[in-house]
Each structure stands twice: as C-alpha cells, then as structure tokens.
Amino acid sequence: MAGADGDDSLYPIAVLIDELRNEDVQLRLNSIKKLSTIALALGVERTRTELLPFLTDTIYDEDEVLLALAEQLGNFTMLVGGPEYVHCLLPPLESLATVEETVVRDKAVESLRKISQEHSPVDLEVHFEPLVKRLASGDWFTSRTSACGLFSVCYPRVSSTVKAEIRQHFRTLCSDDTPMVRRAAASKLGEFAKVLELDYVKSDIISLFTALASDEQDSVRLLAVEACVSIATLLPQEDLETLVMPTLRQAAEDKSWRVRYMVADKFSELQKAVGPEITKNDLVPAFQNLLKDCEAEVRAAAANKVKEFCENLPEDSREQIIMTHILPCVKELVSDTNQHVKSALASVIMGLSTILGKDNTIEHLLPLFLAQLKDECPEVRLNIISNLDCVNEVIGIRQLSQSLLPAIVELAEDAKWRVRLAIIEYMPLLAGQLGVEFFDEKLNTLCMAWLIDHVYAIREAATCNLMKLVEKFGAEWAQNTIVPKVLGMANDPNYLHRMTTLFCINALSEACGQDITTKQMLPVVLKMSNDQVANVRFNVAKSLQKIGPVLDSNALQSEVKPVLEKLATDTDMDVKYFAQEAISVLALA
Amino acid sequence: MSAISAAEKVDGFTRKSMRKAQKQRKSQGSSQYRTQTAPVELSPLPQLKDAPSTEQQELFTQKLQQCCMLFDFLDSVTDLKSKEIKRATLNELVEYVSTNRGVLVETTYPEITDMICTNIFRTLPPSDNPDFDPEEDEPTLEASWPHIQLVYEFLLRFLENPDFQPSIAKRFIDQKFVLQLLELFDSEDPRERDFLKTILHRIYGKFLGLRAFIRKQINNIFLRFIYETEHFNGVAELLEILGSIINGFALPLKAEHKQFLMKVLIPLHTAKALSLFHAQAYCVVQFLEKDPTLTEPVIRGLLKFWPKTCSQKEVMFLGEIEEILDVIEPTQFKKIQEPLFKQISRCVANPHFQVAERALYFWNNEYILSLIEENIDKVLPIMFGSLYRISKEHWNPTIVALVYNVLKTLMEMNCTLFDELTSSYKADRQREKKKEQERDELWKKLEELRLSNSGLVQNNSHKLLSVRNNNNNNNNNSSSSNNDNDNQDKSVDAAAIAADDKDPDVKDPEFSVEASESDTCAK
C-alpha cells in the first residue's frame, strides 16, 4: 500500500497543497474538500503549524471554496490533536466569519458553534470569548452579524465577569445602527434568553425585546415575534402580563402586515407559551382580528391555525369560545375573496368537527363544508375531500354524500390533470367510507372513465386505483363490476386503450386470484398477442411475465408457452426481447 | 366542463405567454391597517384664489387637513364624491405652491409634511405575484395613484419652491422621513419609483445634513438586497441617484466612498436580476474616472464575481469591462492584463456564441487594440491557445470568422511570437494533457492513501525530514502554473516526450486538418 510507505505517501500531499493554490477553481475546491485527508497525512503537528496558517492566508478566495473550507474546519478537532488544540482552528474560522457572502459566514458560525463545545472552560475564556468580542466590535457589519450567533454557546460555560461582558456586547448589537446586525441580534434573542439566568432575562432581555419589537424597520420587528415565544416560555406566569403582553398586543396590531403575518404564523406557539388565562383574555380577540385582517396573506396564515388554536383552548370554555368568537369569523372566511385564504381554511376546517361534536357539526359546520365543496377553486374542494376522514368519525359521511358527489364529479373532470390525479388518489378512501353500494351507483363510471384519460399519468393512477378498490371490495366484486369492462377495452380501436387493459390486468391479477386470472384474463391477453401494434405485443409479453406466477403450471405450459415462443420470433426486436425475457423468468425454456 | 377541449386536458400547463395575455393589468391597494375609521364625507371648500388674502393661509391649512383623509381605491364605487373633492383639492394645492410666492410661511410646514406623510407613507402590500419577474411580468400598479400622484407632485413643488427653507423644513424632513421614503422605493409601480427618485434627489441636494445618512441607508438597502432578500424593486432608481452623487465627490475620495464601491457596488453584480439595473453600472466607471488607481481592485472584483452559469450576465460583464477599458490608463492596464485576459480568453472559447462574440468585439475597439499591441508579448501567449483552438472547433461560423480576423490582427502585431506560439501549440497541449494525467494519478494515489492511512497518523511525524526533501522535488514535477519559470526546462522535456510517443487518444484538430489537406492534394 502506498500509505504504508512514508516517502511515497507524502508525494501527493505536497502536490495537494500546491493544488490548493491551483488556478482552476474546481481543482481548488476538490482539494479543499479533501482537506481532512491532507491533514491526516501531515499529522497533527504539521497541520497546526503549516496547514492552518496556510489556510488562514488563503481566505481571499472564491466564496465557493471558502464555504467548503468553513464546513471542513468544523470537523477538524481530532486532526489538530483533539480538544486540547482545538483553539488552533479559531483564526481561519474568524476570518471566514467576516466575509461578505452570507452562506460562507453562516457556515463559519455553524462550525464555530460546533467546536465551541470542544473547548475546555479555560480555553473558552482564553481563546473563544475574545474572538466573539473581536467579532462583536468589528468595523464592518458582517463580523458583528456573525458574533450574534456565538454568544449563546459560550455564555453558560464562562465566569460571571465574562458573562457580564457578553451581555453587554449583546445589548450593544441589539441597538446597532445597521439593520442587518439588528436583524441578526433579534433572530438570536430567543436563543440567548434561554441560556441566561432568569433575573437577567427580566432585567436585560425584556428591554431589548421591547426595543427590537418597536424597531423602525418591520424586518426587525417581525423577528422579535419569534423571540417572544421563547421569552414567554421562560418567564413565570405572573410576569407575563407586565413584561411580554404589551409588546405582543402591539405586534398583533402592527401597521406592517409582515409583522401581523408573523404573529398569525406563530400563533399556536404563542398560545402555548402564554398559557390558558391570557389566551382567553387576549389571544382570542387578537386571533379574531387576524382572521379579519385586511391583508389576505395574514388571513391565510391565521386560517391555517384555526384548528390548532381551537384544540389548544382551555377545555372548560373551549366550546363556548369557538361558538361565539371563532366560528363567526370562520363563516366569513368561507366566502373570502382570496382563494389562498379559502384553501388554507379548507385544509383545517374539518378538524373542528371532532372538537365540537356531532350536533354542532351538523348544525354549524356542515353548511360550511357544503359551501366549500361547491367552491369555484378546485384546491378548496380538494382540501375538503382530502380531510373527509375527520368528519366521518363524527357524523358519518352519509350526511355529506349528496353534496360530495357533484363536487367529486366536477373535480374528476377538471381541466388540470394534477387536479384529476389528486382526486383519484382519494378514491379508495372515499370508497371505503361511502360503501360499495354508493360506489357502484355513482363513482364506478368515473373510475372507468379515467382509464381512457388523455394523460398517461391519469391512466396509470386509475389502474392503481382499481387495484386498491379490489383489495377493499374483494375479488367477487371485481369479477362482477370491473373485470368485464376492463377486458372489453381489449377490442378498442385505440392501441393506448388496449394497452391499458394489459396494465390493469398486471395490477389486478394478484388481487383477483388464480381463478379469475386464468379463466377470464388470460384468454384476452393471449388473444392480444396477435395485435398489429408492436407496443401491444411486447406488453403482452410483459403481462404474461407478470401474471405467470399467479397461473397454474398447466396453463403456463399449454397456453402461455406457445404464445411466448411465437412472440420470440416476432419481426420487432423489442417484442422478441421481452418475449425472451418472459420465457427465461418464467423458466419455460 | 365538457367545453374543455381535449388539447387542454392533455396539457394542463398552457404556455406562459398565453396565461399572461389572459391576465388583466392588476392594481393593488396599499396596506393601510386601520389607520383611521371609515372616511367621513368631504364637503368642498371655497377656491383658494377666490379667498381674500387674509384668509388664504387659513384656507390653505384647512385644505391640507382635508387631504389627510384616505380612501379605499380598491372599492371603486364608494366615496366617489369625496374622492373627487380630494383630487380637485390636491390639484389646487399643487397649483398654489408652484405659482404663488410667499405662501410657505413657517406655520404651514408641519401641516404640509403631515399631509404628505399621511398619504404616501404606508406599508407596501404583499406582492400579488410571489415570484414576480420584473422583466416578464406586468407590475402591479398602485390603486390610489390618482391621489398619490398629486401628493408626490405637491411634495416636489414644495421642495422646488423658491421660498422653501431647508432650515425650517429639516425639523420635519428628517432621518425618519427619509427612511420611510427609501422604503417606498420597493414599490412595484414604476411611476411611483420615478417620482421618488426625483424627490430623493432634491432632498439630497437641499439637506446637507441628511446626505451621509441617505448614502448609508442606500448602502443598507443594497446590502440587504445582495445578501439577504435578493428582492428590491428600486435598485435601478437608487443607482441612478448615486450616479449623480458620485459625480460630485471631491478628490481624493473618502474611504467611505471607496468602501461603497468595493463592498456594495461590485458585489451588486452577483444579483440574479442584474439585467434590470446594469444600465446604471456607469457608477463604476464614474469612480474609475475620478480615481484611476481603483481600476485594479475593481477589475479583480468583477473577475471574482464573474458569472459561471449565466451567459446573459456574462455578456453584460463583458460590456462593462469594455467600458472600463475605454477609460483605463496604460499603467493600470499592465497591472490587470494577465488575470483579465485569462478571463477574456475563456470567454472567447465559450460555446455560447453571444458570449464569444461579445468578447471578440473587443478587437474592434481602437483604444483596446492599442493597449493590446503595447503589451502583445504578455497578451498573445494568454489568448493564443483559445483562439487557435476555437478557430478550428467552434460550431458557429460567425465566431470562426471573427476569430480568424483577431488572429490575423494579433499576428500582425508580433509575427515572430505568433510563429513561435503556433509551432509550440501542439507541444503545449500535449504537456497540458500530461499534467492532467499526472493530476488524475495523484488523486488516485490519494484515495488509496486515505483508505490505508487512518492507522498511520503517528508514523508520519518522525519522517518529517524526508518529507521536506521530497516536497521540494515534487514541486518541480507538479508544475503548477504559478511557477512556470522553474519549469521551463521541464517543459522542453515534455515537448520532446510528446513528440516521441503521440497519444492516439488525443484528437488534435490541427493534425486531422493536415491529414485531410494532404488527402485533397493526393487527389
């Protein structure tokens, strides 16, 4: 082995260092990605004394190379000699944490966070914390932005004097004059709050939180909403009202829709964090307002949370709150002008039935479901249909079936094939809930019509759907309702439809069992081996291969074998190929 | 449902252009969030020009207050009468401040700015089209434009009024005002951005105390655009303002301005939507005209961000390079010619004919030609390989023709060098090929090493000495392009080797051409 021989092994290493300087970016990138190999071969000492200084100097490279470098260095601890020496990695990572390109910087911070855990408490104070301080007081915004992500990893493990310094630095960055840094600080506020002592959360974090939440830029304010969740979780219940709620109320009514959107988006988390009492008094009216917001974006975000919000309401007053406060807003959203709002609502509204129980569902929710089933936007209808199972548990699907049918029929014929595809996927579920009778009467024709759709993906899905239906309703049902129709298509003038027959047989043979396959399907397949279209013929060969295992050996030998042998001498080379393949797989040779 | 044609059923995705055509031009309301209760009906006030001069001031104030009422323009049927009254009043106000002297007394300033702020400062609504493509899509227009336009007009007249006193106005037109104004540059409505551009320019001109602040905030917007959101509709307008600001910079340039050039203006070239504001890139050239010593860092910056996958942007970069070369000083040219022409040589060999063509057009530029001629001994060796190869290989006949012309021009500049390069071309390519093979082998060895090395980490340390020696030898072998000088003797060897055993796999275009030529001769 080359590696066993010291001299030989070093030949490529020297070249590799050279390759790190190569003019071609791709080659530099390759070398950087193999950096651990180089380090391994150099040994820990030379990695520390030669490789790392070299890397620190090459920081002025293309961002792509720097990204790879930042990532590699995060896994370098063992290669420089373990935790004892891990601080050697700080200089290159510090430079990387100051570059302009965000992805590089973020990766450098990620690596720094990782290796911070490998520092001993002493090294953390001697090496790591000074780095954080340097970054935090850097001239250009990039280094200060990076610093924001490093406070929380070193805070828990340093002495109280250093802790005080860290808090001070964080405070400074929260009021930095570039919005980029304030955004970075605001996004780490929650994380930093979690590692602080409770007293400091109250004295320091709250004032920073309040300041950031009323920043002049909405991009900063909306990040404070995220922090709000973590902060509220940390504080004892009795302090929430005075320390957090004024700010939260203000955010829910912010003049920028982005901030209100954020509140709506984080509503369930906020609800859990502030607890049931505040929810009842404050969040319910706030939620109502969000559901009635003037921006569709905000309404859609709030509509998405309706079910979760209702579920998490305190049990004693849940029904009353929903019925008097939430439901009226929901009713309005059903006829919202914006389709995204309606479709967001449709994706969760069915969930309310389990919370409200049978009587309320029939009286109040059912009309809404029915209205949404008739909505002009297919996505709304689909969302309702896809969640039918929740209602089924509460009131049974029969209540809906009369309205369901037109909706399903319309979706089944929608101009967009993706819509058709989506409704096909719900067919087995619907069939299960509606029962075989209803299905035969109303839906069976639809399922058969899909088999001759213009789009292959629909025909394929329809085939698969038939298989699932047979699994549900049994072979006997298949024999009476589906199989005759499928086999009838074998005489269709369109060869694509004839092939669909074969695909159906492939899918159904197993579920239908040996008897039906041998007696009804096999003759049709064999007859089709004389088809004039080669595509049909080689699909016959494929089908025979597929259904062969279901057949008995007698039929295989006496009926299948001669046909395959004939196909194996076909003029078309594909037919020949698949016939031969079938013969060998079925061991008929 | 039966009306749906079969074709439509097959292809759910109608073509983008068709969908676009169906779409109506949309307009959008501003996101006014419960700023006021439902509008009160307005009643018309008497005309300012009819009022006695003693009451004019009072009436002016009343009208300003009346115009603070906001209306919902998405609802086109409500408040029609009041909307019309406000429109007429605004018109009158515009007229009043642009034609009359002595109307801007100190007490009206707060009323004026209050009316302006109430009307124009608003949160921009969410975009209707989340993946709005400014090049393809119609912008969403501001619904309340009939009023907002007049307010902007009024603001502009106010600023341009000869009686306008910045010393009073600076209490109202302050940093906060400017910040909100800058945020509006993100408006999708080009009419609005155009007004904002003129207004901000006026403010920059009249409020000396705000200048640094404005520059800094524009910086922040750009940095956010580059590194955070990649989305801001007003980049082109802001660059245009900066273009005229840069013109006025005093020499020597302040560090702040240089930083703007290198840390903002150059990285701005990485934006996906560069084509939307590339016309404004004259900012870069303006800097270079002010201070030619910035040429080297600027060109190196552009080379660093050179597009790798977007041909369209590459053409724009080449255009900008040509603009820079147009004003470059010969001494500066010498400093960047090597990296620059390495890039140009890659562009010339680009399979995308527009990129190749744009690069080859450099040879139509007299000034650039003169610079090349002056430095032909440096430029020709860099360019020769690509040009020679492309003259045989490029699929596009126009490019081939252009390349022949360029080769001819270069040959005329230095015939001897050209001949040398022609004769060593084959050998050079062989050498490159060999280098490549060597590299491949190195990687293979390395792979083996990695597999076998995990247990050998310690073993290596005591062999340090032999390592060092070996290291030196290897540097020669590896012949990285950095130390070409060390390698000159080696390359002769390589050429000799290449001549001896021709690699049958190397498809040498020239070789095959010769072969076919000799064929025709035989016939």
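Predicted model: local features only at pLDDT ≥ 70, side-chain atom pairs only at ≥ 80, totals over all residues.
Start with chain B. Its secondary structure comes to 26 helices and two strands. Of its 523 residues, 47% are buried. Take the contacts in chain B with a separation of 6 or more: residues 24 or more positions apart account for 76% of them. The chain exposes about 26,700 Å². Carbon and sulfur atoms supply 51% of that area.

Turn to chain A. The domain assignment gives domain 1 (8-118) and domain 2 (506-588). Taken over C-alpha atoms, the centres of domain 1 and domain 2 of chain A are separated by 61 Å. A UniProt annotation from an unreviewed entry, "domain: Phosphatase 2A Regulatory Subunit A helical", covers residues 89-270 of chain A. That span is 79% helix and 0% strand. Its end C-alpha atoms lie 40 Å apart.

The largest nonpolar core holds 359 residues, and A:L564 and B:I203 touch the most other members. Helix α30 (residues 495-528) of chain A provides the largest share of this core, 13 residues. Domain 1 (8-118) and domain 2 (506-588) of chain A each supply at least three residues to this core. Another core, of six residues, lies apart from it; B:F71, B:F73, B:I85 and B:A143 are among its members. Now look around A:L564. Leaving aside neighbours within four places in sequence, A:L564 is in contact with A:A541, A:L544, A:A579, A:A582, A:I583, A:L586 and A:L588.

Which residues of helix α14 (residues 282-290) of chain B are buried? They are B:C283, B:V284, B:V285, B:Q286, B:F287 and B:L288. These buried residues pack against four helices of chain B: α11 (235-247), α12 (255-265), α15 (295-304) and α16 (311-327). Helix α16 of chain B is also the place of B:G319. B:G319 counts as buried because its relative accessibility is 15%, under the 20% cut-off. B:G319 and B:Y361 are 42 residues apart along the chain, and their C-alpha atoms are separated by 9.8 Å.

The backbone has two points to check. Most residues other than glycine have a negative phi, and most peptide bonds are trans. B:L251 and B:P252 are joined by a cis peptide bond, with omega about -10 degrees. B:P252 lies in the loop between α11 and α12 of chain B. B:E230 is not a glycine, yet has a positive phi of about 55 degrees. Its place is the loop between α10 (211-229) and α11 of chain B. B:E230 is partly exposed, with a relative accessible area of 42%.

Side chains of opposite charge can pair when their charged atoms come close. How many salt bridges does a search of the whole structure find over all chains? It finds 54.

One of them pairs A:E50 with A:R46, whose closest N and O atoms are 2.9 Å apart. Both residues lie in helix α3 (residues 35-57) of chain A. They are four residues apart, about one turn of the helix. An α-helix has 3.6 residues a turn, so residues three or four places apart point the same way. A:E50 is partly exposed at 29% relative accessible area, whereas A:R46 is buried at 7%.

A second bridge joins A:D336 and A:R299, at 2.8 Å from N to O. This pair links distant parts of the chain, 37 residues apart. A:D336 sits in the loop between α20 (315-334) and α21 (339-346) of chain A, and A:R299 in helix α18 (residues 296-304) of chain A.

In chain B, the side chains of B:R191 and B:D189 meet in a salt bridge of 2.7 Å, N to O. B:R191 is partly exposed, with a relative accessible area of 33%. B:D189 is buried, with a relative accessible area of 1%. Back in chain A, salt bridges that share partners join A:E129, A:K133 and A:E165 into one network.

Notes
Residues numbered from 1 in each chain as written. Chains lettered and ligands numbered in written order. Heavy atoms only, no water. Salt bridge = Lys/Arg side-chain N within 4 Å of Asp/Glu carboxyl O. Buried < 20%, exposed > 50% of the residue type's maximum accessible area, 1.4 Å probe, protein only. Contact = heavy atoms within 4.5 Å. Areas by Shrake-Rupley, 256 points an atom, 1.4 Å probe, with all protein chains shown as cover. UniProt positions renumbered as here; feature names shortened; annotations may be inferred. Core = buried A, V, L, I, M, F, W, Y, C linked by side-chain atoms within 4.5 Å. Domains from an automatic or database assignment.
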